[in-house]
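Trainee: Let us go through this entry by question and answer. Please keep each answer brief.

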Amino acid sequence: MNSKKKRIRKTFAYAGTEYPYELYIGGVKRLNLRIRPDGSIRLSVPCGTAPGQIDAFLGRYADRIAKVVARNQNRRRAASDTRSEDEAARKAKLVDIIREC
C-alpha cells in the first residue's frame with residue numbers, strides 16, 4: 001500500500017466566488033474538510049476517489065464553506081483593526097511623551 005500523499009491546488013466556484021483549496025489524495029479513509037483560521041481550505045480524500053464524488057462533496061458543503069471563510073475573514077479584519085487602533089494609541093502616547101521633554 002502506498003501511503004504517499006499527493007497535493008493538488010484547485011478551486012471551486014460557489015455563488016459567484018472562487019474558493020481555492022488544497023486537495024490531498026491518499027493517507028485517509030474518508031473525505032475530510034478543514035477550513036483553517038486563515039481561510040485556507042484543505043480537502044483530504046482516499047486514493048481512488050472519483051472526481052465527481054469530490055465535486056459532490058464540495059457542493060454539499062459549499063454554503064458552510066462560504067460562511068466559515070467569510071466569518072474567519074471578518075475575525076481577521078476585526079483583529080487587524082484592533083491592532084491598528086492600539087498601535088495608533090501607542091504612537092499618540094509616544095508623541096505626547098516626546099512633546100513633554
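Trainee: Is T49 buried or exposed?

Mentor: This is a predicted model, in which local features need pLDDT of at least 70, side-chain atom pairs count only at pLDDT 80 or more, and totals for chains, interfaces and linings use all residues. Residues are numbered from 1 along each chain as its sequence is written, and side-chain values use heavy atoms, with hydrogens and water left out. Buried means under 20% relative accessible area, exposed over 50%, and partly exposed in between (1.4 Å probe, protein chains only). Because the relative accessibility of T49 is 16%, T49 counts as buried.

Trainee: Which backbone oxygen does the side chain of T49 reach?

Mentor: T49 is found in the loop between β4 and α1, where strands (E, at least two residues) and helices (H or I, at least four) are DSSP runs numbered from the N terminus. P46 is found in the loop between β4 and α1. At 2.7 Å, the side chain of T49 reaches the backbone oxygen of P46.

Trainee: Why does P46 count as buried?

Mentor: Leaving out residues up to four places away in sequence, P46 touches I25, G26, V28, K29, R30 and L31; contact means heavy atoms within 4.5 Å. P46 counts as buried because its relative accessibility is 15%.

Trainee: What separates the C-alpha atoms of P46 and N32?

Mentor: Along the chain, P46 and N32 are 14 residues apart. Their C-alpha atoms are separated by 9.3 Å.

Trainee: Which residues does I54 touch, not counting residues up to four places away in sequence?

Mentor: T49 is in contact with I54, leaving aside neighbours within four places in sequence. With that exclusion, I54 touches T49, Y21, L23, L43 and V45.

Conventions
Polar contact = N/O pair within 3.5 Å; in protein donor to acceptor, adjacent residues only side chain to side chain.
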